[in-house]
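Trainee: Could you walk me through a protein model, one question at a time?
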Amino acid sequence: MIDLDIPPQVVVVEGHSFLIRRKRVRTLSFRVRPEEESVRVSVPWLMSEQRVLEFLRDQIPWIERARQRWKGLKVLRPPRFEAGEEILLRGEILKLALDRVPPSSPVRTPRAARADGELRLSVRARDSKRACAHALDEWYRDELKKILSPILEKWRAALGVEWTAIDLKRMKTRWGSCQPLTGRITLNIELMRCDPGALEYVVLHELAHLIERGHNARFRAILSQNLPEWREIEKAMPVLR
Ligand SMILES: [Zn+2]
């Protein structure tokens, strides 16, 4: 059998746009993606248009729920290191300015520093994006160090806990972690890109694990006692994946 190459058909049902492709498939299937405006639909060759529309109409509540969920979902995209780009610092937006450093200069590059409303990145032509990302991480870590002590002290006093070490590093899938046995806490430097409440919450969350390991009712009660709005903060945080 030959698959005829028929261009996809765009159909709008109750304000939702669908990109319909006739394919050699047995059942109708569809895919909703946060970054795509249209829902992609694969339809068997012989299914009547009326049946397709009926099916899609039935799926609309589900599609709307999915879209609604994604609306509130924030994703942190890695910086591209282009001049004028927006760099986040505790929910504040800083414009990225690139300072080109001549090869002969003794200045160490790449290096990030803040200067009135801007994040200035000193770079040489040979500096890779990876090196720039590293320099940005270093800056985030320094900034995090500057503001962390009072937050740690506040939760230490409130919870009566002691830790042995606080590590600050980039983590891909978690905002923080706690090893209750060793008392070691790790915080993700990406927290510096979030709103200030996120750092307060994650520090509290990890320190609370020194009292209670699991995410059980006792653990949640500790959070609620100390930071009643912790659920809203958690919900508003960007997604790590
Ligand atoms: Zn936890």
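Mentor: Before we start, residues are numbered from 1 along each chain as its sequence is written. This is a predicted model, where local features need pLDDT of at least 70 and side-chain atom pairs count only at pLDDT 80 or more, while totals for chains, interfaces and linings use all residues.

Trainee: Is the protein chain compact or spread out compared with a globule?
Mentor: First, the chain holds 5 helices and 11 strands (DSSP runs numbered from the N terminus, helices being H or I with at least four residues and strands E with at least two). Its radius of gyration, taken over C-alpha atoms, is 25 Å.

Trainee: How far apart are the centres of domain 1 and domain 2?
Mentor: The chain is split into domain 1 (9-71), domain 2 (86-137) and domain 3 (143-236), with bounds from an automatic or database domain assignment. Taking the centres of domain 1 and domain 2 over C-alpha atoms, the separation is 44 Å.

Trainee: What does A198 touch, leaving aside its neighbours within four places in sequence?
Mentor: Contact here is a matter of C-beta atoms, placed from the backbone, lying within 7 Å. By that test, the partners of A198 are L191, I233 and M237.

Trainee: Which strands are at the edges of the four-stranded sheet?
Mentor: The 4 strands form an open, mixed sheet in the order β5-β6-β8-β7. Strands count as paired if DSSP finds at least two bridges between them, and β5 and β6 do so in the antiparallel sense over 4 bridges. The strands that pair on one side only are β5 (86-89) and β7 (111-115).

Trainee: At about what angle does α2 run to β7?
Mentor: Axes are lines fitted to C-alpha atoms, for helices over the stretch in contact, and angles run from 0 to 180 degrees between N-to-C directions. Helix α2 lies across β5, β7 and β8. Its angle to β7 is about 50°.

Trainee: Is L94 buried, exposed or partly exposed?
Mentor: L94 is found in strand β6. A residue is buried with 20 or more other C-beta atoms within 10 Å of its own, exposed with 12 or fewer, and partly exposed in between, with C-beta atoms placed from the backbone. L94 has 17 such neighbours, so the label is partly exposed.

Trainee: Which residue in the hairpin of β1 and β2 takes a positive phi?
Mentor: β1 (residues 9-13) and β2 (residues 16-23) pair in the antiparallel sense over 5 bridges, and V11 stands opposite F18 in β2. The hairpin has 2 residues between the strands. The one with a phi near 45° is E14.

Terms used:
Two residues are in contact if their C-beta atoms, placed from the backbone, lie within 7 Å. The radius of gyration is taken over C-alpha atoms; the globule rule is 2.2 Å times the number of residues to the power 0.38.
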